[in-house]
Amino acid sequence: MSVSSSPAALPPRRLAVAPMLDWTDRFYRYFARQISRHTWLYTEMVTTGALIHGDAARFLRFDDCEHPLALQLGGSDPADLARCARLATEWGYDEINLNVGCPSERVQSGAFGACLMAEPQLVADCLKAMQDVTDRAVTVKHRIGIDSIADYAYLRDFVGQVHAASGCTVFIVHARNAILKGLSPKENREIPPLKYDYVHQLKRDFPALEILINGGFTDWDAIAAQWPAVDGVMVGREAYHNPWLLAEADARGWGDTHALPTRREVVEAMVDFVAAQIAEGVPLKTMTRHILGLYHGMPGARQWRRMLSDPALLRANDPRLLIDAAKAVELRRAA
């Protein structure tokens with residue numbers, strides 16, 4: 001747990017890794033931070049109920065190296081969200097983000113996620129309640145619309161109303177509609193068309209707001225092409241499956257030209273962390289599943305994935321498996 005203090009000077013949100021359920025846990029985030037120093041990292045969505053009625057430490061724990069770090073909350077009760085914002089502040093998060101983009105029916109049944117786009121005043125009330133109890137940035141992540149609503153005016157009015165009523169100044173926009181009935185969360189990430197132009201227009205209409213764009217970015221050409229039009233880019237699954245994408249982030253996004261680590265150095269940096277977690281009772285397989293993409297697209301990548309997924313090898317809970325797997329990759333590349 002971090003000690004609460006006034007927020008330190010933080011890098012601008014030029015690039016961020018999206019909150020992804022079951023993926024952006026503290027083990028993935030520690031790994032990602034070994035590759036990029038400045039990329040903003042977001043937790044998985046955590047519901048207010050899980051924090052208030054469950055094991056808060058399980059969801060809020062993180063390593064100090066993970067900064068800059070945002071906690072994403074799912075909820076729609078202003079009082080509950082304020083309570084969770086206090087917890088996030090006490091734990092030392094740099095930002096508290098409200099999920100107004102998840103389209104799953106399970107989330108809808110809890111009256112939060114993308115369905116909240118139909119209630120901009122409630123969204124504003126939620127954000128204001130959190131702002132009133134924290135000195136950390138309170139932000140919102142949302143879609144461009146819901147269901148068949150396809151006009152830009154809906155997005156413009158939503159952002160305008162939320163900003164006017166809450167004072168929120170940071171909007172992270174997934175550039176697709178959310179289809180609340182009939183599409184799975186996976187289909188909602190693929191089927192509704194991307195409309196980057198809506199997000200670009202939003203920035204032109206609200207130049208004083210910080211606008212980040214999310215949705216479909218898989219390479220640096222696509223990411224860099226967005227920066228003239230918006231303040232930052234949020235990358236999702238590509239940063240998980242191909243984490244070395246983040247190796248260029250510090251130089252491209254923040255002009256930090258420090259020497260990049262090698263993949264082998266990243267592996268070595270993970271070993272002590274993994275060993276410490278194993279000593280606390282965390283199974284090795286819980287952590288290795290997040291680093292399978294380290295050698296994505298390179299000779300030996302299959303061997304790396306095979307060794308770190310092998311139940312027989314994982315059963316020993318020996319962190320040296322990471323080094324053995326890296327050596328196997330190097331032998332394969334040298335052959």
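Helices (H or I, at least four residues) and strands (E, at least two) are DSSP runs, numbered here from the N terminus. The model is predicted, with local features needing a pLDDT of at least 70 and side-chain atom pairs counting only at pLDDT 80 or more, while totals for chains, interfaces and linings use all residues. Residues are numbered from 1 along each chain as its sequence is written, and side-chain values use heavy atoms, with hydrogens and water left out.

**Exercise 1. Backbone exceptions**

Solution. As background, most residues other than glycine have a negative phi, and most peptide bonds are trans.

Step 1. With a relative accessibility of 34%, Asp147 counts as partly exposed, a class lying between buried (under 20% relative accessible area) and exposed (over 50%), as computed with a 1.4 Å probe on protein chains only.

**Exercise 2. The annotated binding site**

Solution. 

Step 1. The unreviewed UniProt entry gives the "binding site" as Pro19, Met20, Leu21, Gln72, Lys141, His174, Asn214, Gly215, Gly216, Gly236 and Arg237. From this set, Pro19, Met20, Leu21, Gln72, Lys141, His174, Asn214, Gly215, Gly216, Gly236 and Arg237 belong to the lining of the largest pocket. UniProt positions are given in the numbering used here, feature names are shortened, and annotations may be inferred rather than shown by experiment. A pocket is an open set of points on a 1 Å grid over the protein atoms alone, where a 1.4 Å probe fits, with protein on both sides within 12 Å along at least five of seven lines, and lining residues have an atom within 4 Å of a point.

Step 2. Gln72 sits in strand 3 and is buried at 2% relative accessibility. Contact (heavy atoms within 4.5 Å) links Gln72, beyond residues up to four places away in sequence, to Pro19, Thr43, Glu44, Met45, Val46, Asn97, Asn99 and Lys141.

Step 3. Asn214 is part of strand 7 (residues 210-214) and is buried, its relative accessibility being 6%. Apart from neighbours within four places in sequence, Asn214 contacts Ala18, Lys141, Val173, His174, Ala175 and Met234.

Step 4. Gly215 falls in the loop between strand 7 and helix 10 (220-226) and is buried at 4% relative accessibility. With neighbours within four places in sequence set aside, the contacts of Gly215 are His174, Arg176, Leu194, Tyr196 and Met234.

**Exercise 3. Two helix pairs**

Task: How do the axes of helix 13 and helix 17 cross, and how do those of helix 7 and helix 9?

Solution. Axes are lines fitted to C-alpha atoms, for helices over the stretch in contact, and angles run from 0 to 180 degrees between N-to-C directions.

Step 1. The axes of helix 13 (residues 263-279) and helix 17 (residues 320-334) come within 9 Å, crossing at roughly 165°, and the two helices are therefore roughly antiparallel. Angles over 145 degrees count as roughly antiparallel, under 35 as roughly parallel, 65 to 115 as roughly perpendicular, and the rest as oblique.

Step 2. Across this pair, Arg264, Val267, Glu268, Met270, Val271 and Val274 of helix 13 meet Leu322, Ile323, Ala326, Lys327 and Glu330 of helix 17.

Step 3. The axes of helix 7 and helix 9 come within 10 Å and cross at roughly 45°, so this pair is oblique. Tyr152, Leu155, Arg156 and Val159 in helix 7 meet Tyr198, Gln201, Leu202 and Asp205 in helix 9.

Step 4. Within helix 9 (residues 196-205), the residues Tyr198, Val199, His200, Leu202 and Lys203 are buried, and the buried residues of this helix pack against strand 5, helix 7, strand 6 (170-178), strand 7 and helix 10.
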